[in-house]
Structure formats: structure tokens, C-alpha cells
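Have a look at the model first, then work through the tasks with the solutions at hand.

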Amino acid sequence: MADIEKDLRLKIFVRESIRQNLLKTGRAMVEEKGADYLTARKLSETSNCSVGTIYNQFSNMDNFIMAQNVLTLEALYADMEKIIPEKNAYNNLNRYVEAMVNFILNNRNLWRLLFDYHLRYSGNLPFAYRRVLEKVVVKCGREFDNVVNYLQQTEKKLSWQVLWSALFSMSSLLVSSGFEKLSRVKQKTALLLMLNTYLAGLNALKRKKL
């Protein structure tokens with residue numbers, strides 16, 4: 001019985017080692033050569049693992065990319081966690097969005113991998129992915145609620161969903177090499193301008209209703 005358990009632990013260890021090696025190798029490939037470079041064949045060649053081993057670990061490349069995106073979101077959240085919140089929710093929200101901008105600009109290829117995945121994925125996102133994405137969204141959303149405390153709860157929820165969708169969509173411009181050639185808006189300030197213009201608009205609409 002002890003030998004069986006020992007063999008099982010060894011198999012689990014080997015499997016996890018292979019998985020981590022593939023993730024590390026694939027991540028380095030994307031960082032160096034871009035999201036489009038990542039294919040099962042090229043991953044196999046670089047990692048010295050067969051395509052069959054890759055599919056045995058992840059079933060398909062979509063699952064592999066999903067695992068990479070989870071790591072990317074966890075890294076983004078870790079950067080946000082380094083920020084010590086102030087009493088001013090407006091400042092906190094701006095600092096979180098700025099941290100997001102800095103992260104994307106420092107990890108352009110990884111963010112492109114994540115963003116492109118969202119564009120083509122049509123199913124329900126796996127729990128592990130939704131959980132880490134929700135951590136990022138909730139951290140920012142909590143500060144947003146405090147900034148727009150003049151809104152009703154239903155208005156807050158809808159307004160935040162609209163803003164987050166806009167920020168996420170606009171984040172693709174941060175990894176576009178041609179953005180600053182076509183616009184006077186700098187990539188580093190684009191999302192912050194979007195955020196603050198939106199907040200100002202909400203405030204103006206509220207005053208108009210009053």
C-alpha cells in the first residue's frame with residue numbers, strides 16, 4: 001500500500017513538473033516573440049515535450065492559453081495589492097487603473113494573449129479564470145462604488161459594468177504599436193482619461209437631474 005501511494009505521489013510530482021515547465025516555457029515564448037508565435041508545435045520544439053504530452057496536460061491549446069491568462073491576471077492583481085489604499089476612493093481608483101496600465105505596458109505580449117482570447121472565446125469562462133478576474137474587477141469596483149456614492153445601487157452596478165467594459169476594451173490600444181501614431185493621446189494616460197471623463201460625466205448627469 002505504501003509503495004502504491006509513493007508511486008502515485010511520484011506520478012503527480014512528475015506531471016506537475018511537466019505542467020510547470022510547459023507554462024514557464026510558453027510564457028517566455030510569448031514574452032519574447034509575441035502571442036501569435038505560440039502554437040503547440042513551437043511549444044513542443046522549445047520545451048522538448050511532445051505535442052501529445054502538451055495535450056495530455058492541457059487537452060488543447062485553448063486550455064493552455066487560459067492557464068497563461070490566469071497567471072497574467074494573478075500577476076496584475078499582485079501589483080494592485082502592493083498599493084496601500086488612501087481614505088480618498090477617487091485617488092485609489094485612479095491608482096489601481098494606473099497600476100493596470102503600467103502592468104499592461106510592461107507585459108504587452110502577455111496582455112495581447114489575454115485580450116485576443118476574450119475576443120474569440122464564446123463559451124463560459126472556467127471557474128479558476130473567473131475567480132481571479134473577479135478579484136481584479138472587485139478591487140477596482142469597490143472604490144468606484146465609494147466614488148459614486150450619490151448613485152442608487154442598481155445605477156452603480158450598471159455604471160461600473162459599462163466603465164469596466166470600456167477600460168478593458170481600450171486596454172487593447174495599449175498593446176497596439178500604431179496607437180500613438182494615430183492619436184495625440186499617450187498610451188500611458190489613455191485609460192486614466194477614459195476613467196476620469198466617465199466619472200465627470202456621471203457627476204454632471206446627476207447634477208442635471210437634481
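## Exercise 1: H7 and H8

H7 and H8 are oblique to each other. Your task: work out what angle and axis distance lie behind this, and which residues make the contact.

A word on the ground rules: this is a predicted model, where local features need pLDDT of at least 70, side-chain atom pairs count only at pLDDT 80 or more, and totals for chains, interfaces and linings use all residues. Residues are numbered from 1 along each chain as its sequence is written, and side-chain values use heavy atoms, with hydrogens and water left out.

Step 1. Locate the helices, which are DSSP runs of H or I with at least four residues, numbered from the N terminus. H7 covers residues 127-147 and H8 covers residues 153-170.

Step 2. Take the axes (lines fitted to C-alpha atoms over the stretch in contact, with angles from 0 to 180 degrees between N-to-C directions). For H7 and H8 the angle is about 125 degrees and the axes are 11 Å apart.

Step 3. Classify the angle: under 35 degrees is roughly parallel, over 145 roughly antiparallel, 65 to 115 roughly perpendicular, and the rest oblique. H7 and H8 are therefore oblique.

Step 4. List the contact (heavy atoms within 4.5 Å). H7 brings Leu133, Val136, Val137, Cys140, Gly141, Phe144 and Asp145, while H8 brings Gln153, Lys156, Ser159, Trp160, Leu163 and Trp164.

Step 5. Sort by class, with Ala, Val, Leu, Ile, Met, Phe, Trp, Tyr, Cys and Pro as nonpolar, Asp, Glu, Lys and Arg as charged, and the others, Gly among them, as polar. The contact of H7 with H8 then has eight nonpolar, three polar and two charged residues.

## Exercise 2: the largest pocket

Your task: find which elements give two or more residues to the lining of the largest pocket.

Step 1. List the lining of the largest pocket: Arg130, Leu133, Glu134, Val137, Val138, Gly141, Lys157, Trp160, Gln161, Trp164 and Ser165. (On a 1 Å grid over the protein atoms alone, a pocket is an open set of points where a 1.4 Å probe fits, with protein on both sides within 12 Å along at least five of seven lines; lining residues have an atom within 4 Å of a point.)

Step 2. Assign the residues. The elements that give two or more are H7 and H8, and H7 gives the most, with six residues.

Step 3. Count the classes: five nonpolar, three polar and three charged residues.

## Exercise 3: H4 and its partners

Your task: describe how H4 crosses H6, and say how many residues H4 gives to the second largest pocket.

Step 1. H4 spans 61-81 and H6 spans residues 108-120. Their axes come within 9 Å and cross at roughly 125 degrees, so H4 and H6 are oblique to each other.

Step 2. On the H4 side, the contact includes Asp62, Ile65 and Met66; on the H6 side, Leu110 and Trp111 are among the residues. By class there are nine nonpolar, three polar and two charged residues.

Step 3. Turn to the second largest pocket. H1, H4 and H7 each supply at least two lining residues, and the largest share, five residues, comes from H4. Met66, one of the lining residues there, is also in the contact of H4 with H6.

Step 4. Finish with the classes: the lining of the second largest pocket has nine nonpolar, two polar and one charged residues.
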